[in-house]
Amino acid sequence: MWELRHRGGGGPGPGGEAASPPREGEAAGGDHETESTSDKETDIDDRYGDLDSRTDSDIPEIPPSLDRTPEILKKALSGLSSRWKNWWIRGILTLTMISLFFLIIYMGSFMLMLLVLSIQVKCFHEIITIGYRVYHSYDLPWFRTLSWYFLLCVNYFFYGETVADYFATFVQREEQLQFLIRYHRFISFALYLAGFCMFVLSLVKKHYRLQFYMFAWTHVTLLITVTQSHLVIQNLFEGMIWFLVPISSVICNDITAYIFGFFFGRTPLIKLSPKKTWEGFIGGFFSTVIFGFIAAYVLSKYQYFVCPVEYRSDVNSFVTECEPSELFRLQSYSLPSFLKAVLRRETVSMYPFQIHSIALSTFASLIGPFGGFFASGFKRAFKIKDFANTIPGHGGIMDRFDCQYLMATFVHVYITSFIRGPNPSKVLQQLLVLQPEQQLNIYKTLKTHLIEKGILQPTLKV
């Protein structure tokens, strides 16, 4: 390690020792400037002076992850080659995870929210742990504690915003919650500011740049995990179908691309992921678009999936009951001339959401994989195969959800840009938390507006 750090620092010094690279304030090939530091400070400088000049080759090796494959699977697959053994392990664990996912869907929206929160925390843990392992030898003070503190602060802010938006009627009944919601952003800022001050106080001489590296590491991790998981929950509130079709499209693309690549892959796709092939990429694309179109048709039939998720204070639970919007009502569409000859029909009936599903599944199969490529580059930078060894054959939770985060952002932007209109229930919730005088003023203004439009008849004054 020391040899790597001293490469490029000049020829050997006296006694055969490698000469240290010039430090800040020294000429690259000339005499050293006179230093007015004590002997103790000089010793510290010699010991830690190279902390901020690390290169990729200086990154310490992270121990390989342990194999957590159940013994029963190891015995059952012991006669297979490593290639087919990995195939069966991945396949069995994939089916198991899909089955558990269906069970959570059946349990309702609240359990899905808890699932998203659990995945977020686990992904954050895996990324932060990599940083801790890489820089553990320098014993950075408070790094792990501050990282988790910032996670709590950011989650408090985002989930507080969600509570204020979707649970206004419930908050109105609780005085303590009213205080927390009214000053939510100030409290969130104060909490973050406390963490910021703790970080500044934890700075140690000769660790400055490294500590700021890790401060940035934590915040980028928060951006990747917390912000995206918050968008996932926002999509869920628009209707479970906006949660299920995008997520299942990414899962479908991951599975089908792996299958096509496993059996037909010959042409490498990208150097960051040597096992990815063009055959798998193209096969995954067509499979995902077809799957998304069919899944949209099936789910659009049921209120449970298409209605916005709302909290009903009278029953104290989430409900998914509504009159489905135009997106989820069968419409007749005229076919192009070349399809009329093939299908021998003039029109076809389908849900408008199926057209949107094509956009969602196209993004999931063409752009979504770049989240995986990004994760592959990250792992290569730190010389690791997987983020963790949580799931045998798959790696860590982050290895399975690296593409989902890009998808969550796209769906949120897509809904706000092309789908979402005024939400009457949300407007009503906001009205209910106003003061009686404000409500009365709004009522009078709305009544006057409707009379002017001719929707209401003016009342006769006696």
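In helix α4, the buried residues (under 20% relative accessible area, with exposed set at over 50% and partly exposed in between, for a 1.4 Å probe and protein chains only) are W87, I89, R90, L93, T94, F101, I104 and I105. The model is a predicted one, in which local features need pLDDT of at least 70 and side-chain atom pairs count only at pLDDT 80 or more, while totals for chains, interfaces and linings use all residues. Residues are numbered from 1 along each chain as its sequence is written, and side-chain values use heavy atoms, with hydrogens and water left out.

Helix α4 covers residues 82–107, which is 26 residues. From first to last C-alpha, α4 reaches 37 Å, close to the 38 Å expected at 1.5 Å a residue; the expected span is 1.5 Å times one less than the number of residues. Just after α4, G108 has a positive phi of about 110°.

The protein chain as a whole contains 20 helices and six strands. These elements are DSSP runs numbered from the N terminus, helices being H or I over at least four residues and strands being E over at least two. Of the 462 residues in the protein chain, 38% count as buried. Contact is defined as heavy atoms within 4.5 Å. Among contacts between residues at least 6 apart in sequence, 68% join residues at least 24 apart.

M240 lies in α11, which spans residues 240–264, and is buried at a relative accessible area of 0%. With neighbours within four places in sequence left aside, M240 is in contact with I105, S109, L112, Y304, F305 and C307.

Two helix pairs were examined for packing. Two packed helices are described by the angle between their axes and the distance between the axes. Axes are lines fitted to C-alpha atoms, for helices over the stretch in contact, and angles run from 0 to 180 degrees between N-to-C directions. Angles under 35 degrees count as roughly parallel, over 145 as roughly antiparallel, 65 to 115 as roughly perpendicular and the rest as oblique.

Helices α11 and α15 pack at about 40°, with a distance of 9 Å between their axes. The arrangement of α11 with α15 is therefore oblique. Their crossing is right-handed; a crossing has this hand if the near helix is turned clockwise from the far one by less than a right angle, and is left-handed if anticlockwise. On the α11 side, the contact is made by I241, W242, V245, P246, S249, V250 and N253, which meet F353, S357, L360, S361, A364 and S365 of α15. By class, this contact of α11 with α15 has eight nonpolar, five polar and no charged residues. Nonpolar here covers Ala, Val, Leu, Ile, Met, Phe, Trp, Tyr, Cys and Pro, charged covers Asp, Glu, Lys and Arg, and the others, Gly among them, are polar.

Helix α15 (residues 352–366) also packs with helix α18 (residues 404–419), at an angle of about 150° and with axes 10 Å apart. The two helices α15 and α18 are therefore roughly antiparallel. Again the crossing, of α15 past α18, is right-handed. H356, A359, L360, F363 and A364 of α15 meet L406, M407, F410, V411, Y414 and I419 of α18. The contact of α15 with α18 comprises ten nonpolar residues, one polar residue and no charged residues.

Q228 belongs to helix α10 (residues 208–237). Q228 is buried, at 12% relative accessible area. Residues up to four places away in sequence not being counted, Q228 touches L223, Y405, A408 and T409.

Helix α16 (residues 369–381) has 13 residues and should span 18 Å at 1.5 Å a residue, which agrees with the 19 Å between its end C-alpha atoms. Its buried residues are P369, G371, G372, F373, A375, S376, F378 and K379. K383, which follows α16, has a positive phi near 60°.

Most residues other than glycine have a negative phi. K206, which is not a glycine, has a positive phi of about 75°. K206 sits in the loop between α9 (184–201) and α10 and is partly exposed, at 26% relative accessibility. R344, likewise not a glycine, has a positive phi of about 55°. R344 is in the loop between α14 (337–343) and β6 (347–350) and is exposed, at 77% relative accessibility.
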